[in-house]
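I opened the notebook to go through this structure region by region. These entries record what I looked up and what came back.

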Amino acid sequence: MPASVLWAVDLFGRVYTLSTAGQYWELCKDVQMEFKRVSAATQCCWGIACDNQVYLYVCSSDVPIRHREEAYENQRWNPMGGFCEKLLPSDRWSWSDVSGLQHRPLDGVELPSPHWEWESDWYVDENFGGEPTEKGGWTYAMDFPATYTKDKKWNSCVRRRKWIRYRRYKSRDTWAKIPSKDDPKELPDPFNDLSVGGWEITEEPVGRLSVWAVSLQGKVWYREGVSHPNPEGSSWSLVDTPGEVVQISCGPHDLIWATLWEGQALVREGICRNNPKGSSWSIVEPPGSENGIMHVSAGVSVVWAITKDRKVWFRRGVNSHNPCGTSWIEMVGEMTMVNVGLNDQVWGISCEDRAVYFRQGVTPSELSGKTWKAIIVGRESDRSHSGSSSSLLSAGCFFGDEVRGSGTESAPSDTDASSEVERQGPEQPFPKESLDDSRNLKGSLSKGPEASRNPEQNMENACPAESEGKAPEASSADECHGPASTPAELPWTNIDLKEPKRVSNQPAAGFPETTGLSSLGPFPLGMEEPYGADDHPLWAWVSGGGCAVEAGSVLKWFTVQSGQSPSVQMLSLSITPAQTAAWRKQIFQQLTERTKRELESFRHYEQAVEQSVWVKTGSLQWWCDWKPHKWVDVRVALEQFTGHDGARDSILFIYYMVHEEKKYLHVFLNEVTVLVPVLNEAKHSFALYTPERTRQRWPVRLAAATEQDMNDWLALLSLSCCESRKVHGRPSPQAIWSVTCKGDIFVSEPSPDLEAREHLLPCDQMFWRQMGGHLRIIEANSRGVVWGIGYDHTAWVYTGGYGGGCFQGLASSTSNIYPQSDVKSVYIYENQRWNPVTGYTSRGLPTDRYMWSDVTGLQECTKASTKPPSLQWTWVSDWYVDFSVPGGTDQEGWQYASDFPASYHGYKTMKDFVRRRCWARKCKLVTSGPWLEVAPIALGDVSIIPESAHADGQGHNIALWAVSDKGDVLCRLGVSELNPAGSSWLHVGTDQPFASVSIGACYQVWAVARDGSAFYRGSVSPSQPAGDCWYHIPSPPKQKLTQVSVGQTSVYALDENGNLWYRAGITPSYPQGSSWEHVSNNVRKVSVGPLDQVWVIANKVQGSHGLSRGTVCRRMGVQPREPKGQGWDYGIGGGWDHISVRANATMVPRNMSREQEAHGQGPVYC
Amino acid sequence: MTDDKDVLRDVWFGRIPTCFTLYQDEITEREAEPYYLLLPRVSYLTLVTDKVKKHFQKAMRQEDVSEIWFEYEGTPLKWHYPIGLLFDLLASSSALPWNITVHFKSFPEKDLLHCPSKDAVEAHFMSCMKEADALKHKSQVINEMQKKDHKQLWMGLQNDRFDQFWAINRKLMEYPPEENGFRYIPFRIYQTTTERPFIQKLFRPVAADGQLHTLGDLLREVCPSALAPEDGEKKNQVMIHGIEPMLETPLQWLSEHLSYPDNFLHISIVPQPTD
């Protein structure tokens, strides 16, 4: 779980964030401004500052936000000058947009706001539909508008080319003012409240964000066009409301609630993917007539509200279909505001002490949670403060606080500016001359809280209390422009004004005794910490829209012990690594010495306990080897025995009955090559392969009654297999990693003869052992760096542990095992047939497929009957229409075709008699394994440089390239054996989204774009890790490439039809090669290693008992002079999905390599 | 890279080379040769000395054979202490092999318990386990186990089957993730210099302020005499399984990794050898 942050504003308008992994409120990096409101999403935070302007804080990321501007240059041929800019009068502009209707000269394209910058100058796009065009990027046609081709023909009278230029959003990690360049008449009046949400209405690549705002006059505004690539949006548009709105809240999905000045709530209806603004309002009455609603907050399926008497209410029965819900339930506690964040978690600010409270125990089944728990962590500034504060300063600090209390007490009388006064609270004691300077002073806050605090306190000391009365006046006059003119009874002041009054009273009321103490004599040292001025921050606003707290996760927000300064606690909580290493190292060392001392000279002594046979027996079910295939009850026994040499071996016996006769089959565990868990919704089963069973494509399948029972057996058998093969602990850096289609991870230790020229080990004899965790893709390098990508595109790095998942106890390492989760979607299809009377209905022909089915139509899958893939998975969303299916959909997600099964398209024609749409539902799996998340960028593909075992690779960083889930190409910096996760991403610009990338041993980077074209990256080297530019490589004719893999010198690519291609003609001087040569079909994945060995995952592999999909295969006969090899060697499968042999540089035996040298190497260009 | 799991293996497979000699006053028919054996540190004397018994019985008349007992340098060896503990406590500074004298006569009733059969060892072992789990988990884990799990623990020890034993024992070593360790650490501290057989008190793995207790904390609390004075020289060795863990070692870690199979940390305080 990566850390995310909670945003909050204190009474003084300072914005803080609190990380889910943190223990301190951190002051927002950009502190130029005080804020009234913030509303956060995961990547950004919107806020209203004290100048009533809207600001946007976009968190920094290694991947830039970039937008492509395009313009077309149009030319017509004439006999005089050939192609030239002179067009016919009826023609389009010579510089236009894609339609040709809009004039678009290059120098007329401007940046939309000061927060953008150009990435480069305009250049011509030479890529045309995945294929490189002739130089100049011109495409030709007979006339405008027409279809263009890249070749010039005899009748090509016009041509055009595309110019592109990227702009980049630059105002990150800073509050960027949203420019208001709307029509002055339409200009919204000052804003009073704002809420962001709606990011779950549309998925990527749209990635839209709904931003709603309320003006001081009670009007509601919607920000158009806000999305990830356009964080600022384009303009405000007014949304009519039935009354004056005070406050608004937008949930992550389609809930939008607002409060009316009269105390009712407004609920927006009709929000959907195509209409994120919704269509109408409904009114929800407050829980009681005497106390209207003051504040609401919406989540995915909850709404929380505060009434004017501060009571907290939970709205029952709220969801997409019924956004108004059914009834109110009163909750415990009095709050000034509440905020619902991700996963429907709730935060509130208490009336009583102005602390932020977190609602504990909110789960999907219990959305109202259990109790409010105060977040008592300190602020970053307190931490530095507490350690060094001298008693004198603290006493002064304390004194200042007392004065402040009485100072603010007088504040409510100046009603016009009171809220500002509150916010200016801490600065009141400033002498007047420093007020003018206060901006600078706040600027220095960012440099170091310590530095700025002390002078402040000194000034507080120096400042006589009598000047208090005037100072706030001055500050409000100087600094607050907006609210100065607004009447005090405006509703929003209910929240901001009233409470500070109470709070400011409170310290004054609570402190008299201690004040007395301080006047009595020197302030006792021990008292200063709990009552220190800053120890108890007073909060005004909190936003959890970017804060992902998993139900049941452990937070460290509630554990600061009173009286102990946080910094001290921090130190004492854990032992420093150096110490840890010392005691542990000594124990390891002493145990080794002890064994040496007590055993070395006495090995000939007899053992007191003779090693005996141990038998574990149990009841399982076995998938019968012969027809009729079915599960039969069997007794199983695992016999383990130890030979005199201490070697272990085990036999698994399976006893079954045939015609009342007891029979058995047995398996020697030293022959088992892999144990694969096969979990489905019905059975906890696993498959056991031997080389022979692998060739037959028919494993021994066993099922247990419970998951625990299966895990016990699996762990025991796996341990026995590992023991008989003496495989133990962490896999070697050369290990071969693979992943099954269920996401299970397997690793195999390569023996030296795995890649030998002669007498090579058949790959069906490789022993695979399972590693905990769940991944879709895994890539390794011979220096022990292993990365994986989950189904949810999360990037993971291998920690060096082993075990996890179902492997507990001895089969798992103690350290380096972490929780891991993954999310994937289950898809079902709704099918309909057209009939002349009623149109499309769910009544099909008798011959038709099920009206609710899987993708093939053969299996009935209804929303109610479809279950998660196995018991490990749980649903985490409701069913929703998937619009991202290939072929496109209409507005409601339907795809049309003339009949089932057929190719579908996203629009209806006269000939379409059937239609279908895809429904998806997300499910989640929680497991554990030796993996740590590499946050925050989600990946689609990753590749690590293969290195030969003897390479002098030590020292320099390991090149790692990746493609993000959005298609950005990235290069990881700082990856090494010691820091396998690396430090940061370097973004490599591309003109289109990419799909796959691979880096070869000599820094040859190849990549495949989503449109199926291939690219070669020039000049990549250790000193220039990102290279300089892309060279477009034409794809094999009429094929769209999907994956590429580069070894030492060989380059292989896969296309969408499962063809494997070898890049021929690569030489040191011409690294792009000359042509693609077809090698094989039925290939799903390819992995080329540092010895140029070629391994694939293949489909349709014939076994003696059946055909298998997803089989690990090795290319035979690959030699320097014959890099394409001949024929395949079939290994483990089916059901395998991915393999990486890129860490295995284990060389062939010595005499072989000499022979190889004598023959001379193939084309090598390093 | 060494993993903590390897410690469990090292602890389990600890062996003490031992030379058994028949007591000189025992009446034999023929001369009894000394008998050499590798004794598992984690097991119990009467559990692993069937061969010894058989060897010496061969040299003796049937009527002279009664209950076997062992003695080292005049001290009768308590069979209900793990072998490793007996060795660390009594013989750690002497040369190997460990010379144990075998007796069949004059059973020292006031020093030793009778051990009529292996059932007695099992009963003792299981009661220690239960006591340990009472300290660690209020007996919740051991009580939730089935009879066959208990049997597997015992058989694991008896047959010297590390994986068989640990397949079950790991459950006894777990604790809720929100805690930082067990409720109390099951430990016993033995000293040769005192009359008291051992010290056992309630001691938590984590201090009230959240700090992990170390071996040093434990000794300061329950056995301060074992520790060297601030300035003085080290007088005692603090031994578990024949090694001296640093006093900074967290107690919880020790309990998880250096406990004997009965789930207790048996800590020996022995005088620092002078040479």
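I began with the UblB domain of chain B. The range comes from UniProt, where an unreviewed entry lists it as "domain: Autophagy protein ATG5 UblB". I note here that the model is predicted.

Next, the helical bundle. UniProt, again in an unreviewed entry, gives "domain: Autophagy protein ATG5 alpha-helical bundle region" for residues 118-174 of chain B. I found 84% helix and 0% strand over residues 118-174 of chain B. The end C-alpha atoms there lie 29 Å apart.

I then looked at a helix pair in chain B. How do two packed helices get described? By the angle between their axes and the distance between the axes. For α5 (residues 118-137) and α8 (residues 162-172) of chain B, the axes come within 11 Å and cross at roughly 35°. From α5(B), the residues in contact are B:Phe125, B:Met129, B:Asp133, B:Lys136 and B:His137. They meet B:Phe165, B:Asn169 and B:Leu172 of α8(B). I sorted the residues of this contact by class: 4 nonpolar, 2 polar and 2 charged.

I moved to the UblA domain. An unreviewed UniProt entry places "domain: Autophagy protein ATG5 UblA" at residues 11-104 of chain B. Residues 11-104 of chain B are 24% helix and 28% strand, with end C-alpha atoms 31 Å apart.

Which strands make up the open sheet, and in what order? I traced 6 strands, in the order β34(A)-β2(B)-β1(B)-β5(B)-β3(B)-β4(B), with mixed pairing. The edges are β34 (606-607) of chain A and β4 (75-76) of chain B, each pairing on one side only. I checked the join between the chains. β34(A) pairs with β2 (residues 35-40) of chain B in the parallel sense, over 2 bridges. A:Gln607 stands opposite B:Leu38 in β2(B). Helix α3 (residues 50-57) of chain B packs on this sheet. Helix α3 touches β34 of chain A as well as β1 (15-22), β2, β3 (69-72) and β5 (98-103) of chain B. Its direction makes about 165° with that of β2(B).

Cavities came next. I counted 11 of 30 Å³ or more. What lines the largest cavity? I get 26 residues, with A:Ser39, A:Ser195, A:Ser249, A:Ser297 and A:Asn339 nearest its centre. Strands of chain A that each supply at least two lining residues include β4 (35-40), β17 (191-197) and β28 (327-340). By class, the lining has 15 nonpolar, 11 polar and no charged residues.

Last, I checked the backbone of chain A. Most residues other than glycine have a negative phi, and most peptide bonds are trans. The bond from A:Ala935 to A:Pro936 is cis, with omega near -5°. A:Pro936 sits in the loop between β55 (931-933) and β56 (939-944) of chain A. Another cis bond joins A:Gly1133 and A:Gly1134, with omega about 0°. A:Gly1134 belongs to the loop between β73 (1128-1130) and β74 (1136-1140) of chain A. A:His793 has a positive phi, near 75°. I located A:His793 in the loop between β46 (786-789) and β47 (795-798) of chain A.

Key: Residues numbered from 1 in each chain as written. Chains lettered and ligands numbered in written order. Predicted model: local features only at pLDDT ≥ 70, side-chain atom pairs only at ≥ 80, totals over all residues. Heavy atoms only, no water. UniProt positions renumbered as here; feature names shortened; annotations may be inferred. Helix = DSSP H or I, 4+ residues; strand = E, 2+ residues; numbered from the N terminus. Pairing = 2+ DSSP bridges. Contact = heavy atoms within 4.5 Å. Axes fitted to C-alpha atoms, helices over the stretch in contact; angles between N-to-C directions. 1 Å grid on protein atoms, 1.4 Å probe; cavity = no way out; pocket = protein on both sides within 12 Å on 5 of 7 lines; lining within 4 Å. Points joined across faces, edges and corners; volume = space filled by probe spheres on them. Nonpolar A, V, L, I, M, F, W, Y, C, P; charged D, E, K, R; others polar.
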